[in-house]
Amino acid sequence: MLSAVGTFVAAFGLLVHIADASSASGSFTSNHVDIPRIGLGTWLSDKDKVSDAVEHALSSGYTHIDAALIYGNEVEVGKGIAAAGVPRSDIWVTSKLWNADHRPAEARAAIEKTISDLGVGYLDLYLIHWPVAFVPGKGTKIDHHAPNTWRTLENLVRANLTRYIGISNFAPKGVEEVLQTCTICPYAHEFEAHPYLQQQEFVDFHAEKGIKVIAYSPLANTNPTYDSGIPALLKDPFWKALAKKKNATVAQAVLAWGIQRGTIVIPKSVHNDYIDENLGSVGITFTEQEMRAIAKEDRKHRMNDPGKSWGVDLFEGLDDPTTPKDAFEEL
Ligand SMILES: NC(=O)c1ccc[n+]([C@@H]2O[C@H](COP(=O)([O-])OP(=O)(O)OC[C@H]3O[C@@H](n4cnc5c(N)ncnc54)[C@H](OP(=O)(O)O)[C@@H]3O)[C@@H](O)[C@H]2O)c1
C-alpha cells in the first residue's frame, strides 16, 4: 500500500508529484535513487547480447536501464539485471506502455508483464511510449475511442506497480493537456534530443514545469537504422575538434553536452568498450562559449518519426514535425 502519495504546489506554482511509498513487494522507499543522468538504452539490442550488456553496465557503474515492452527483449534485459546482483533499490528501471495497450485492462496486463519479464518487482518510471493509441489486436489501426491514458497510468502508481509515470514523444499541446488534468503529474518526458535535434526551447519548457527530460538517441544518427542523409555525428569535424580539445572521444563529448544542459542521456550499446566509454562522459564540462558554439550546430533534423507510417501527425509545434504530406506519402 502507498504510505504517502501526494501532490503539492511548489513555490513556483507548479503541480509536482511526490511519492514515498512501500510497494506490494515492500521496496518503495524515500531514499531510493533519483533518476541517474546516464542510463543504458536497449532498443534494437539483440536478445543474445543484451543480458551481458546490461550485466556489464550495472557492474561497471551504470544504475539506470531504459527498456520497453515493444523492444521484445525485456526477459533478456531482466536476466542481465539479475546477473549483476545489485540491490533493487540502487537501480532505476524505466519501461514503456505500447500503443496497443492504452486501455485500462491492457495497460495493467502490460505493466505486469514488463515487471515480471524484467524481474524487478516494480518500475521506477513507466512512460506512455507514444501519444498514439492503437485498437488492441488490430495492428496500427488508430483507436479513436481510447480512454484517458494518463488516468490509467495514475492508477498504476496507486497500485504500487511504478514509482513514477511519464510521457514520451509528446508535442507541447499534449504535454499541456496532461498537466492541466493530472493529479499525479509526469516525472519525465523522454524524447529525441541530440546535437542535430537540440530542441533547446522544449528542453527549457520542461525545466520550467519541473519535468525531467530523458534524451533518446543521444548519439543522433549513430543508430544504424536511421537513414538521415546527413553526415555521421561521430565523424562531424566540429565535434571531432571539440572532443580532441577535451581529450575525449566524440561520443563522450556529445553525451557530456547532453548532461551539462540538464538532460538525462540513455546511449544504447551492446559492446562493453562503448558502454565503458559512454560512462566516461560524466565529468566532462564545457565553457559557456563552447555551449553557445554547440547550439549553432543544431540541424533541427529528426531521425525517428513513425507518424509517417502510422498516418498521424506527431511533434506539432516542434522542429521537424510529421506533416500531413509525409503521412500521405508513406501510406
Ligand atoms: N522513447 C522512445 O520512443 C525511444 C526512441 C528511441 C530510442 N529510445 C531509447 O533511447 C536509447 C538510445 O537511443 P538509440 O538506441 O536510438 O541510439 P543511440 O544510443 O544514440 O546510438 C546507438 C548506436 O550507437 C552505437 N554506439 C554506442 N556508443 C558508442 C560509442 N561510444 N562509439 C561508437 N558507437 C557507439 C551503438 O552501437 P552498438 O549497439 O553496436 O554497441 C548503436 O549502434 C534506445 O536504446 C532506447 O532505450 C527511446
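**Ground rules.** I number residues from 1 along each chain, as its sequence is written. Since the model is predicted, local features need pLDDT of at least 70 and side-chain atom pairs count only at pLDDT 80 or more, while totals for chains, interfaces and linings use all residues.

**Overall.** I looked up the secondary structure and found 12 helices and 10 strands. Helices (H or I, at least four residues) and strands (E, at least two) are DSSP runs, numbered from the N terminus. The protein has 331 residues, and 44% of them count as buried. Buried means 20 or more other C-beta atoms within 10 Å of the residue's own; exposed means 12 or fewer, and partly exposed lies in between, with C-beta atoms placed from the backbone. I then checked contacts (C-beta atoms, placed from the backbone, within 7 Å). Among those between residues at least 6 apart in sequence, 69% join residues at least 24 apart.

**The sheet.** I traced an open sheet of 8 strands in the order E3-E4-E5-E6-E7-E8-E9-E10, with parallel pairing. Its edge strands are E3 (40-41) and E10 (264-265), each of which pairs on one side only. Two strands pair if DSSP finds at least two bridges between them. Strands of a sheet pair through backbone hydrogen bonds, either parallel or antiparallel.

**Strand E6.** How many residues of E6 (residues 123-128) are buried? I count 6 of the 6, so the strand is largely enclosed by the rest of the structure.

I looked at the E5 side next. E5 (residues 92-97) pairs with E6 in the parallel sense over 4 bridges. Thr94 has Leu125 of E6 as its bridge partner. From E5 the chain passes through helix H3 (residues 104-118) to E6, in a right-handed β-α-β crossover. Right-handed means that, with the strands pointing away from the viewer, the path from the first strand over the helix to the second runs clockwise.

Then I took the E7 side. E6 pairs with E7 (residues 162-168) in the parallel sense over 5 bridges. Tyr126 has Ile165 of E7 as its bridge partner. Helix H4 (residues 149-158) carries the chain from E6 to E7, and this β-α-β crossover is also right-handed. Leu125 stands opposite Tyr164 in E7.

The unreviewed UniProt entry lists Tyr71 under "active site". UniProt positions are in the numbering used here, feature names are shortened, and annotations may be inferred rather than shown by experiment. I found Tyr71 in the loop between strand E4 (64-66) and helix H2 (74-84). Is Tyr71 buried or exposed? Tyr71 is buried, because 21 other C-beta atoms lie within 10 Å. Leaving out residues up to four places away in sequence, Tyr71 touches Thr42 and Trp43.

**Ligand shell.** I found 27 residues around the ligand, the closest being Gly41, Leu219, Ala251, Lys268 and Ser269. A residue is near a molecule if its C-beta atom, placed from the backbone, lies within 6 Å of it. The shell divides into 11 nonpolar, 12 polar and 4 charged residues. Ala, Val, Leu, Ile, Met, Phe, Trp, Tyr, Cys and Pro count as nonpolar, Asp, Glu, Lys and Arg as charged, and the others, Gly among them, as polar. Helix H9 (residues 272-279) gives the largest share, 3 residues.

**Positive phi.** Asn160 is not a glycine, yet its phi is positive, about 65°. Asn160 sits in the loop between H4 and E7. Gln199, also not a glycine, has a positive phi of about 50°. Gln199 lies in the loop between strand E8 (188-192) and helix H6 (200-209). Gln199 counts as buried because it has 23 C-beta neighbours inside 10 Å.

Definitions and conventions. Contact = placed C-beta atoms within 7 Å.
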